[in-house]
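Student: Could you walk me through this structure? I'd like to go through the sheets, cores and ring contacts.
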Amino acid sequence: MSFLAPLALISAAIVGPIIVAMYLLKLRREERVISSTFLWQRMVRDIEANAPWQKLRRNLLLLLQLLLMILLVLALARPFLPVTGISGSNLIIIFDRSTSMLATDELPTRLEAARRQAIALIDQLPDNGRATIITVGGQMEAPIASSNDRRELRRVIEQIQPSYSNQSDLTQALTLASALAAREPDSEVAIISDGNVTLPDGLRVPARVRYFPIGRATDNVAINAIALQPGPFEQTLFVQATNYGGSPVTRRLSIYLDGRLDFAIDLTIDPGREQSLTQPIPSTVTVVEARLDDNGDALPVDDRAFAVSPQRETVRVRLVSDGNRFLETGLSLLPGIEVVKTPTTTTTFPESAAEIPLTIFDGVTPAELPPGNLLFIGPLRSTELFSITGEFDFPLIRPASLEDPLLRNVRLNDVNILRAPRIVPGTWARVIVDSDGGPLLLAGEREGRRIVVLAFDLHLSDLPLNIAFPLLLSNMIEYLLPVSGVQLTTGQPIVAPVDPSIEEVRIIRPDGRVVSSRDGQVQVQTNQTFYTNTDVPGVYTLEERRGNEVIASRRFAVNLFAPNESRIEPRRDLTIPQISGAQSTVVRERDGRQEIWRWLALVALIVLLIEWLYYQRNTLTMLRERWRRRTA
């Protein structure tokens, strides 16, 4: 045990002798001559006891007062015990609330264990300490900043809810933590997570960073793909499960059609591999649910997945091209797509976005862009959306985000490209596939329209000969035509065109809660509806209403499909560069300190109460006797 204020111990050498001296001082009494001391034995004993420099006799009051003094002096010296934790006075907690934190290997979940760890760190703060809470997993939030109110800090920690996000990115959180730590001396950053996070590049944190790993389990099986493919007489169901653990497992997969169990099958999956099921089902089925049985799985939330029958009207798609058999064949295989071929010499596009919601430019870039969503394939010159600064040969493909919906079930490792333009994207775009020479696939939104840019010409690559091409094309069309994209991932917004005459749009969530455009939770703009709070997996139902009448209804299946979160094996260390030169964030056994002066002060209060009761024992006895006589 050590002390933060050891000089306070000197007060024991001053106060202690004073207390003892008070018991050594002789009492001054008036002398009287009496005939006998037989009735004054007690008085004689008191005189003898108060004789100066006489040996102290056993006295409980003296012992209690000395014990009280010792406890108070120790409390003033602020003793502490070395513990695993933090020692800074300005604490910044980065709290991971992503999907993997719902694993049950810590009781009851990793999220609850993280709460306990965060509260323990708050309790370790010194009296003048402050704390900031930053949550990651989905959208970063800072619910409380630089507060010394421990009760409010605990309340905020207790109210942190899980986020069904695809991954936890620490870039923004560590950037904010670095800015806060740079302004406050003696700052410390604590990361409470299972380690399934994305770390920033090139950031050096100006404070000590400590990582508190949560979780123990490594085995998990998840449903990572489900789809319904319509046909002329029946639908085809595709389900895929992946074993993210280190040992082979056998799990039962149950299929529910419109809420009723249809069949079940046992799947044996090797570690790191997937097992798929393809099954024809009736064309009348609208909702399919796939479930893995509960066989000790540490993360139950990824054991369920939903698919909705893509029943929709035919959508017109404009293809501006000189002829591309690969592209035309791929589009013809997509259900509900009517391709309108337009020559590349066309300069005006009179149709509205409602008539043709998507235009595909194959190897051509017009001076005037049409309304609606856009897909550029092998653009030849710059536009208001992006700039082309040259070309480069044989780019090395490097996917920037494997979890992006545009790359769902797509593998580009075997694709070769002869030549591609060097594109400088605008601020609207996010890079989906990068390379050593520049981005190859961009996507984003600008002024209410969705845009995708596939940088290279299909004829200058072997992508059309690869199985990845029809999957990538299907994903791009689903992104650009949200009405056809009834399969979404958590956090991806529901976007759908609505009839201009409707009065209200309602969304029925999987938990049964109903939100409406009338209460502002569903946005309707330019004949399109937007709903962004798709945080819970399940089936969402969109209703277009006029009065009490439902004009149209469509369903959207929202699934987790997050491999980074399904890989629940915790990391034991995070490599985060710090200005001090440290790289590791592992907490050593004696990094923190737990002050115990509050407990000493509490014991001192109890001793003071006992001392007072003992000193007033005669008075208390007399009062008790009076009370008994009065009640009798």
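Tutor: A definition to begin with: two strands pair if DSSP finds at least two bridges between them. Also, this is a predicted model.

Student: OK. In what sense do β27 and β34 pair, and over how many bridges?
Tutor: β27 and β34, the latter covering residues 549-559, are paired in the parallel sense, with three bridges.

Student: Which residue in β34 is the bridge partner of Q487?
Tutor: A557 is the partner of Q487.

Student: What sheet are β27 and β34 part of?
Tutor: An open sheet of five strands, ordered β27-β34-β33-β29-β30, with mixed pairing. At its edges are β27 (487-489) and β30 (514-516), each of which pairs on one side only. On average, neighbouring strands in this sheet are turned by 30° against each other, direction ignored.

Student: Switching to the cores. Which residues touch the most other members in the largest nonpolar one?
Tutor: That core has 39 residues, and I360, L412, L441, L463 and I477 touch the most other members.

Student: What other core lies apart from it?
Tutor: Another one of 23 residues, including M101, L111, I119 and I133.

Student: On to rings. How many aromatic pairs does a search of the whole structure find?
Tutor: Three. One of them is F361 with F376, a stacked pair at 5.5 Å centre to centre and 25° between the planes. F361 is in β19 and F376 in β20, 15 residues apart, so to speak of the chain, the pair links distant parts.

Student: Are F361 and F376 buried or exposed?
Tutor: Both F361 and F376 are buried.

Student: What does F376 do with F386?
Tutor: F376 and F386 form an edge-to-face pair, 5.3 Å centre to centre with 85° between the planes. This pair also links distant parts of the chain: F376 in β20 and F386 in β21 (residues 386-393) are ten residues apart. Both F376 and F386 are buried.

Student: Which residues do the ring pairs link into a cluster?
Tutor: F349, F361, F376 and F386.

Student: Last one: where does the charged end of R291 sit?
Tutor: Over the ring of Y256, 4.0 Å from its centre.

Methods
Residues numbered from 1 in each chain as written. Predicted model: local features only at pLDDT ≥ 70, side-chain atom pairs only at ≥ 80, totals over all residues. Heavy atoms only, no water. Helix = DSSP H or I, 4+ residues; strand = E, 2+ residues; numbered from the N terminus. Axes fitted to C-alpha atoms, helices over the stretch in contact; angles between N-to-C directions. Core = buried A, V, L, I, M, F, W, Y, C linked by side-chain atoms within 4.5 Å. Buried < 20%, exposed > 50% of the residue type's maximum accessible area, 1.4 Å probe, protein only. Phe/Tyr/Trp six-rings, centres within 6.5 Å; stacked < 30°, edge-to-face > 60°. Lys NZ or Arg CZ within 6 Å of the ring centre and 35° of its normal.
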